[in-house]
Amino acid sequence: MRVRAKIVAAAMIAAVLEVAPVAAGLAIPGTMTASVSPASVRFGSTTRVAGVLDTEAVCRPARDVGIEFRTGDASPWAPVTTTTTAAGGAFDAAVAVEEIGQLRAVAAPASRDSVDCEESVSDPIPIEVRAAVSASLSR
């Protein structure tokens with residue numbers, strides 16, 4: 001009986017630790033990772049941006065994620081589309097690409113259960129665009 005009681009106690013402690021709320025008033029950081037597939041597309045074609053927001057459980061679901069584009073290292077980021085994270089922090093979005101540049105994902109800051117979820121930004125992802133050329137031969 002003692003072994004069973006210890007197992008039940010351990011399971012209860014693990015459950016509490018898993019769902020324990022984060023202290024109110026804290027700013028919770030996160031890490032945003034993203035990738036594109038394919039990384040090289042034909043002009044006007046679509047690529048998929050997918051990734052994960054890794055943060056405390058309270059800050060993962062239903063976060064707005066903006067996908068942004070820029071043409072060079074010095075140019076400003078411009079919004080392209082938005083999506084929302086799933087319960088585990090995963091997201092994906094289709095993006096039409098018309099020029100060579102970089103894409104990134106940005107999870108907007110949010111407030112949840114008296115907790116502030118900080119903005120998280122992925123590293124820039126290079127994207128290549130190939131010309132859409134067609135040719136025909138005739139006699």
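Predicted model: local features only at pLDDT ≥ 70, side-chain atom pairs only at ≥ 80, totals over all residues.

Tutor: Strand E2 (residues 31–37) and E4 pair in the antiparallel sense, over seven bridges. Within that pairing, Thr-33 stands opposite Val-52 of E4. E4 also pairs with strand E7 (residues 90–96), again antiparallel and over seven bridges. Here Val-52 stands opposite Ala-90 of E7.

Now the faces. In a regular strand the side chains alternate between the two faces of the sheet. E4 spans residues 46–54 and its side chains alternate. Thr-47, Val-49, Gly-51 and Leu-53 point to one face and are buried.

Next, charge. Side chains of opposite charge can pair when their charged atoms come close. Arg-48 forms a salt bridge with Asp-92, with the closest N and O atoms 2.3 Å apart. This pair links distant parts of the chain: Arg-48 lies in E4 and Asp-92 in E7, 44 residues apart. Arg-48 has 41% relative accessibility, so it counts as partly exposed. Asp-92 is also partly exposed because its relative accessibility is 38%. The structure holds three salt bridges.

Last, the lead-in to the strand. Ser-45 sits in the loop between strand E3 (40–42) and E4. Its relative accessible area is 22%, so Ser-45 is partly exposed. Beyond its neighbours within four places in sequence, Ser-45 is in contact with Val-95, Ala-96 and Val-97. The C-alpha atoms of Ser-45 and Val-95 are 8.3 Å apart, although 50 residues separate them along the chain.

Notes:
Residues numbered from 1 in each chain as written. Heavy atoms only, no water. Buried < 20%, exposed > 50% of the residue type's maximum accessible area, 1.4 Å probe, protein only. Helix = DSSP H or I, 4+ residues; strand = E, 2+ residues; numbered from the N terminus. Pairing = 2+ DSSP bridges. Contact = heavy atoms within 4.5 Å. Salt bridge = Lys/Arg side-chain N within 4 Å of Asp/Glu carboxyl O.
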